[in-house]
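Open the model in your viewer and keep the selection tool ready. We will go stop by stop.

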2 protein chains.
Amino acid sequence: MSSRDYLGEFEHIVILALLRLAGRAYGVTVRQEIEARTGREVSIGAIYATLDRLETKGYLKSQFGEPTPERGGRSKRFFHVTAKGVSAVNRTHRAVQSMTQGLDLIGSHS
Amino acid sequence: MSSRDYLGEFEHIVILALLRLAGRAYGVTVRQEIEARTGREVSIGAIYATLDRLETKGYLKSQFGEPTPERGGRSKRFFHVTAKGVSAVNRTHRAVQSMTQGLDLIGSHS
DNA sequence: CAATTTATTCTATATTGTATAGCTAATGTC
DNA sequence: GACATTAGCTATACAATATAGAATAAATTG
């Protein structure tokens, strides 16, 4: 465990997108998945910046695939989560869960 | 909803601490609650900086209480979460949940 | 090879995360 | 009441994360 042990808010979302996209995760699909699921709009630049950071930390790995026979289309960079990345997700989840334990939320707060 | 709609990772933890501490949340107890629950050590400065930001965004409010009759017992600044703050927590939770839906985690990833 | 398309990289800036040091207001002691 | 001691809060600074937009690259087609 290095200096910052918990995933940032957006890092968390991005890494979850990778997990659910499994073998077909690359910039564009990651963005789509996040937008489709959460309704949150994010720039493609934001996606890549985060992917790069996560890879640097060893939570992801990536490799370029073969270009697909579509109009245009340079080759995609596919990402997958490492075991270390999965640990980070779990750690982050546990932290929130421990703080949420026994709270009802949706409360009546002024 | 303004520019950044989701709580940052630490903001999230801090606001959850306030919710569970209810009427007795102030700098010191917030810090204790987080450390006790998550095992995560945070400086008191980090706590206040985050509380101040959350208050600026309207997610919290604070007021000073009466000084307590202890040695050094100066008055505490008590914090409570606003309705807007509760909404932010829920929004953040929903985002993660929508991304987690149907994932097993604890997976076998390389 | 120019135009078009899909995808990635670069760059720049705002917001968050985090620690340390310093300041204030209480109480206790002589 | 001057001064030490204590609990709690503020100020400041800097590193890391979030985010957008423009620029660049690599394919495909006529």
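Select chain A and chain B together and look at the interface. In this predicted model, six residue pairs are in polar contact across the interface of chain A and chain B, both residues at pLDDT 80 or more. Now search that interface for salt bridges. The rule finds zero of them between chain A and chain B.

Which elements of chain A supply at least two residues each to the side that touches chain B? Colour helix 1, helix 2, strand 2 and helix 4 (83-100) of chain A, and you have them. Stay on helix 4 of chain A. This helix gives the largest share of that side, ten residues. Then colour the side of chain A that touches chain B by residue type. You will get 17 nonpolar, 14 polar and five charged residues.

Step back to both partners. Contacts link 36 residues of chain A with 36 residues of chain B. The two chains bury about 3000 Å² between them. Carbon and sulfur atoms carry 67% of that area.

**Chain A by itself**

Hide everything but chain A. Count four helices and two strands. Trace the chain along its sequence, and the pattern reads α-α-α-β-β-α. The C-alpha atoms fill a box of roughly 55 × 30 × 20 Å along the principal axes. Chain A has 110 residues, and 45% of them count as buried. Take the contacts in chain A between residues at least 6 apart in sequence: 51% of these join residues at least 24 apart.

**Salt bridges**

Side chains of opposite charge can pair when their charged atoms come close. Over all chains, the search finds 15 salt bridges. Here are some to visit.

Select A:Arg40 and A:Glu9. Their side chains meet in a salt bridge, 2.8 Å from N to O. The two ends sit in distant parts of the chain, 31 residues apart. A:Arg40 is in the loop between helix 2 (27-38) and helix 3 (44-56) of chain A, while A:Glu9 is in helix 1 (residues 9-21) of chain A. Are these two residues buried or exposed? Both A:Arg40 and A:Glu9 are buried.

Next, select A:Glu33 and A:Arg37. This salt bridge spans 3.6 Å, N to O. Both residues lie in helix 2 of chain A, four residues apart, about one turn of the helix. Why does A:Glu33 count as buried? Buried means under 20% relative accessible area, and A:Glu33 counts as buried because its relative accessibility is 16%. A:Arg37 has 36% relative accessibility, so A:Arg37 counts as partly exposed.

Move to A:Asp52 and A:Arg77. Their side chains form a salt bridge at 3.2 Å, N to O. A:Asp52 lies in helix 3 of chain A and A:Arg77 in strand 2 (residues 77-81) of chain A, so the pair ties together parts 25 residues apart in sequence. A:Asp52 counts as partly exposed because its relative accessibility is 35%.

Now select A:Glu11, A:Arg53 and A:Lys57. Salt bridges with shared partners join these three into one network.

**DNA strand D**

Bring back all chains and select DNA strand D. Which residues are the closest to it? Pick out A:Arg71, B:Tyr26, B:Tyr48, B:Arg74 and B:Arg77, from the 32 residues that surround DNA strand D. Of the DNA strand D atoms that come within 4 Å of the protein, 70% belong to sugar and phosphate.

Colour the surface near DNA strand D by residue type. Helix 1 and helix 3 of chain A each supply at least two residues here, as do helix 2 (27-38) and helix 3 (44-56) of chain B. Helix 3 of chain A gives the most, with four residues.

- A:Arg40: a polar side-chain atom lies 2.7 Å from a phosphate oxygen of DNA strand D.
- A:Arg74: a side-chain N or O atom is 3.4 Å from a sugar or linking oxygen of DNA strand D.
- B:Arg74: a polar side-chain atom lies 2.4 Å from a base nitrogen of DNA strand D.

**Last stop**

Select B:Gly102, in the segment after helix 4 (83-100) of chain B. B:Gly102 is exposed because its relative accessible area is 82%.

Key. Residues numbered from 1 in each chain as written. Chains lettered and ligands numbered in written order. Heavy atoms only, no water. Salt bridge = Lys/Arg side-chain N within 4 Å of Asp/Glu carboxyl O. Buried < 20%, exposed > 50% of the residue type's maximum accessible area, 1.4 Å probe, protein only. Contact = heavy atoms within 4.5 Å. Buried area = accessible area lost by both parts, 1.4 Å probe. Polar contact = N/O pair within 3.5 Å; in protein donor to acceptor, adjacent residues only side chain to side chain. Nonpolar A, V, L, I, M, F, W, Y, C, P; charged D, E, K, R; others polar. Near = heavy atom within 4 Å.
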